[in-house]
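Please keep the sequence and the structure at hand while reading.

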Amino acid sequence: MTAFAATCLWCALQVSIFVAVVSLLYLVLRRWSLAAGGLIAAVSLAVVILISGLAFSPWPRWELATAEANLPKPQTSLPIPETEQATAPETVAAAPTLTPNPPETPQAGIAAWLTGFGDALTHELTVPAADPTTHAWTWTEIAVVVCLALSALGCVRLLAGLWAVRALRNSGRPIEDDELRESADLLRAELACPRRVELLEADQLAAPATVGWRRPVILLPAAWRSWTPPERRAVLAHEIAHIRRGDFLTYVIAQIGLVLHYYNPLVHWLAGRLRLEQELAADASAAALAGGRLEYLQMLAAMALRQADQPVSWPARTFLPSRGHLIRRVEMLKHSKRLSTRLPGAARVVVVGLLAAVGIGIVGLRQPQGPLAKAADNPRVAQQESAKRPTATKQRITSDKFEMSYIPVDAVQIIGVRPAALFEHQGFAALAKMINEDLGLERMVGMPVEEIEQITGFRMVSKRKPSGKRLNVLAPEGMRPQPQMLFGTTMIRAVRPTDFPILTASFAASAMQSEYAGEIYYK
């Protein structure tokens, strides 16, 4: 499977986990505050878009441990008998040989099933991409392509809907009724809406609607002239409440998240809940200015009964209400027990911060990185990967443990570091380059720092009295000799067969070559 298809599938999994978590959070906090429900739905859909964008970026990233981490790994060791360790010659370096770890006991029951499922999922997400000329499409790649094509159609539909709303706005006729305009200005002041509101009449509408976010416009149907003054006031209060809250822009953002993840039923549910929460919040503000909840509900019911079912153009239906929409509002108001839209500022910050933290935490869970060995499933890919790797690292043999076979049993102090394990991470690539090139380590020791598997130093129990002198290690030309470390014997172990005479020429020019247990040492 290609890397792009794997990223799309992983993104879908991340979004599914996120919307599942926030849906539970919505159900809990919705009982506490009406405004909290709308805020959670709006912010969650915005975070869905954020997750979709960050899925294709390298950051943030939290490494995931997979079942492959528990598989046996080769380690380098030389089997030296314990009785001979005390008499082994002091060494500067040794060439590694390969000995496998003992096999692990296979798992059984549900643990084995979970391990197998994890391995299968990891393999599906990390298998390398094959050559396009010989690549056979898998069902996952076909599914990703179909989903992307449907998302593209959804984007076209969304743009067509916005264009239809703009055309409807441009075809609207300005309302010159002074009483209605004065009522709108008074309601703006009462609802603390700082934005200027334009009133237009549109014959294509069956119910009032608010469109636009930079220059908001209230569109009224031609039947507005038959409304009573209280009904006009209630309608204008409802629409101005939408403008003050910026509901049109919020709903457009929600539709973008819905287009990207239209296949997810929870995303559809959140988008639907957002629309309902927006209407309930606007109704709550309007009811406070229209004589109370009961009187406001009666006016909406009377208007719904008189309303004609005027068809709206298909692309614009996403953003414009219909006759059934007004009836749904009546049902919500009838069964709603609380109509409070107040939410303290501190509570808003906590809710937004919590949702952002959950989203960033989930988007940082990146898909596992498959080992290069998986390229062996495709011979052509394996050959290409082998050609890309430098010749010096083709025989790399790394270990996940410190090699202690050469440490004498009477050593009293030991210090060790494993540079290869440290510098194999991509984040240390710049530091490794600086050490190898700028500091000249590769030229000095004959190998880059990422190929030094282990550096170990130890000190024996000394039976001689200290002489008070300090030994100096021979340094390359141009470098000042440095005092020897506290540890008398230093061992360097490489990840591949290495020409150690280069190393000994730099640090121990007087070292003598000797053989022990079939291996070459420089004493």
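## Burial and overall make-up

Of the chain's 523 residues, 41% count as buried, meaning under 20% relative accessible area with a 1.4 Å probe and protein chains only, while exposed means over 50% and partly exposed lies in between. The model is a predicted one, in which local features need pLDDT of at least 70 and side-chain atom pairs count only at pLDDT 80 or more, whereas totals for chains, interfaces and linings use all residues. Residues are numbered from 1 along each chain as its sequence is written, and side-chain values use heavy atoms, with hydrogens and water left out.

The chain holds 17 helices and 14 strands; these are DSSP runs numbered from the N terminus, with helices being H or I of at least four residues and strands E of at least two. Contact means heavy atoms within 4.5 Å. Among contacts between residues at least 6 apart in sequence, 77% join residues at least 24 apart.

## The pairing of α1 and α12

The axes of helix α1 (residues 3-29) and helix α12 (residues 345-363) come within 9 Å and cross at roughly 155 degrees. Helix α1 is therefore roughly antiparallel to α12, a term for angles over 145 degrees. Axes here are lines fitted to C-alpha atoms over the stretch in contact, and angles run from 0 to 180 degrees between N-to-C directions.

On the α1 side, the residues that meet α12 include F18, V21 and L25; on the α12 side, L354, L355 and I362 are among those that meet α1. By class, this contact has twelve nonpolar, two polar and no charged residues. Nonpolar covers Ala, Val, Leu, Ile, Met, Phe, Trp, Tyr, Cys and Pro, charged covers Asp, Glu, Lys and Arg, and the others, Gly among them, count as polar.

V495 lies in the loop between β12 (489-494) and α17 (500-507). Because its relative accessibility is 0%, V495 counts as buried. Its C-alpha atom is 5.5 Å from that of E451, although V495 and E451 are 44 residues apart along the chain.

A35 belongs to helix α2 (residues 34-54) and, at 11% relative accessibility, counts as buried. The C-alpha atoms of A35 and L280, 245 residues apart along the chain, are separated by 9.3 Å.

A192 is in the loop between α6 (178-190) and β5 (198-201). At 58% relative accessibility, A192 counts as exposed. The phi of A192 is near 55 degrees, a positive value in a residue other than glycine.

How values were computed
Angles under 35 degrees count as roughly parallel, over 145 as roughly antiparallel, 65 to 115 as roughly perpendicular and the rest as oblique.
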